Amino acid sequence: MGCGQSKMGNDMAKMAGLAGPPTNKTGSSVVRKKAEAAAKTGVLSLTEHKLEKVPKVVVEVLGGPSSRLRTLDLSANKLEVLPDAFAGAFPKLAACKLGRNRLAALPALGSGGLKKLDASDNKIASGGAVACLAAAPALEDLDLSRNPLGPGGGPSFAALAKLKVLAVAGCGLTALLDGGGDSRWPALVELLADDNALSCVDNGLAARCPSLRKLTLERNRLEAAGVPSALLKLASLAHLDLAGNPLSKKAFLDIPGCDEFMKRREKNRKKDGAAMADMSVCGLD
């Protein structure tokens with residue numbers, strides 16, 4: 001009777017969808033069917049398929065001047081390189097997920113219309129992202145977190161004037177959007193740079209990112225001298241995370257411009273309601 005109850009319990013779990021996530025199949029026939037379906041829908045997902053190489057059928061079926069592919073998900077595989085044929089193969093590509101692979105470099109993706117790219121958790125050094133970023137002027141959302149981009153400020157983001165969200169957490173960076181020249185990111189509203197090696201924020205960051213609302217800098221090496229007054233006086237900035245830095249709450253509150261920031265922060269907290277009521281001062285004790 002015990003065995004019968006166990007079997008009944010397993011059957012009920014399966015019916016309820018509680019028997020664990022399904023295992024994705026990687027057979028060539030399965031991939032071809034998905035590619036053929038994507039030719040109609042414009043969306044292809046091959047996430048968690050244990051792929052070591054991108055199947056040729058992806059480019060054969062979906063690539064070319066008349067390609068309709070808009071969204072491509074190759075995340076959570078074992079890819080070490082993307083084929084040369086990827087460059088320009090998908091002219092309408094707007095969103096691409098490549099996170100949690102073993103990639104060391106990214107080729108140009110799409111034909112300049114790429115808006116969202118997640119290449120987090122790979123092995124991409126600064127030089128390995130240059131070709132891709134230079135060919136992606138329409139990017140709005142970019143995640144390069146947990147790639148060895150540093151030391152320094154990582155690859156040039158100068159061409160990404162439409163960028164709204166940039167995540168570069170855990171990249172070993174020692175500089176943050178220091179730009180050089182007249183680089184500006186007027187649309188950038190979120191900059192996520194936790195777990196780096198930043199000892200200071202460049203004085204010109206506020207001027208280069210005039211719409212910045214949220215900046216996370218947890219677990220860096222920032223002291224009071226490394227937080228510029230211009231940043232705290234930036235009218236759009238209302239969310240700043242500094243937990244895990246060698247910076248006390250008192251030292252932070254003594255930085256010129258902090259009063260202005262705290263007023264904006266309090267106003268933002270009231271908008272968000274009780275959910276933010278117990279927040280410390282930017283994560284500082």
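## Aromatic pairs, a buried serine and cysteines

Two aromatic pairs are present in the structure, which is a predicted model. A pair of aromatic rings is described by the distance of the centres and the angle of the planes. The table gives these values for each pair.

| Pair | Centre to centre | Angle between planes | Class |
|---|---|---|---|
| Phe86 and Phe90 | 5.3 Å | 90 degrees | edge-to-face |
| Phe252 and Phe261 | 6.3 Å | 85 degrees | edge-to-face |

For Phe252 and Phe261, the planes stand at 85 degrees to each other, so the pair is edge-to-face; the cut-off for this class is over 60 degrees. The ring centres of Phe252 and Phe261 are 6.3 Å apart, and pairing requires centres within 6.5 Å.

Phe86 and Phe90 are both buried. Phe252 has a relative accessible area of 0% and is therefore buried. Phe261 is also buried, with a relative accessible area of 0%.

Ser183 is located in the loop that runs between β6 (165–167) and β7 (190–192). Its relative accessible area is 12%, so Ser183 counts as buried, the limit being under 20%. Leaving aside residues up to four places away in sequence, Ser183 is in contact with Ala158 and Arg208.

The model has zero disulfides. Cys132 is buried, at 1% relative accessible area. Cys171 is buried as well, with a relative accessible area of 3%.

Definitions and conventions
Residues numbered from 1 in each chain as written. Predicted model: local features only at pLDDT ≥ 70, side-chain atom pairs only at ≥ 80, totals over all residues. Heavy atoms only, no water. Phe/Tyr/Trp six-rings, centres within 6.5 Å; stacked < 30°, edge-to-face > 60°. Buried < 20%, exposed > 50% of the residue type's maximum accessible area, 1.4 Å probe, protein only. Helix = DSSP H or I, 4+ residues; strand = E, 2+ residues; numbered from the N terminus. Contact = heavy atoms within 4.5 Å. Disulfide = S-S within 2.5 Å.
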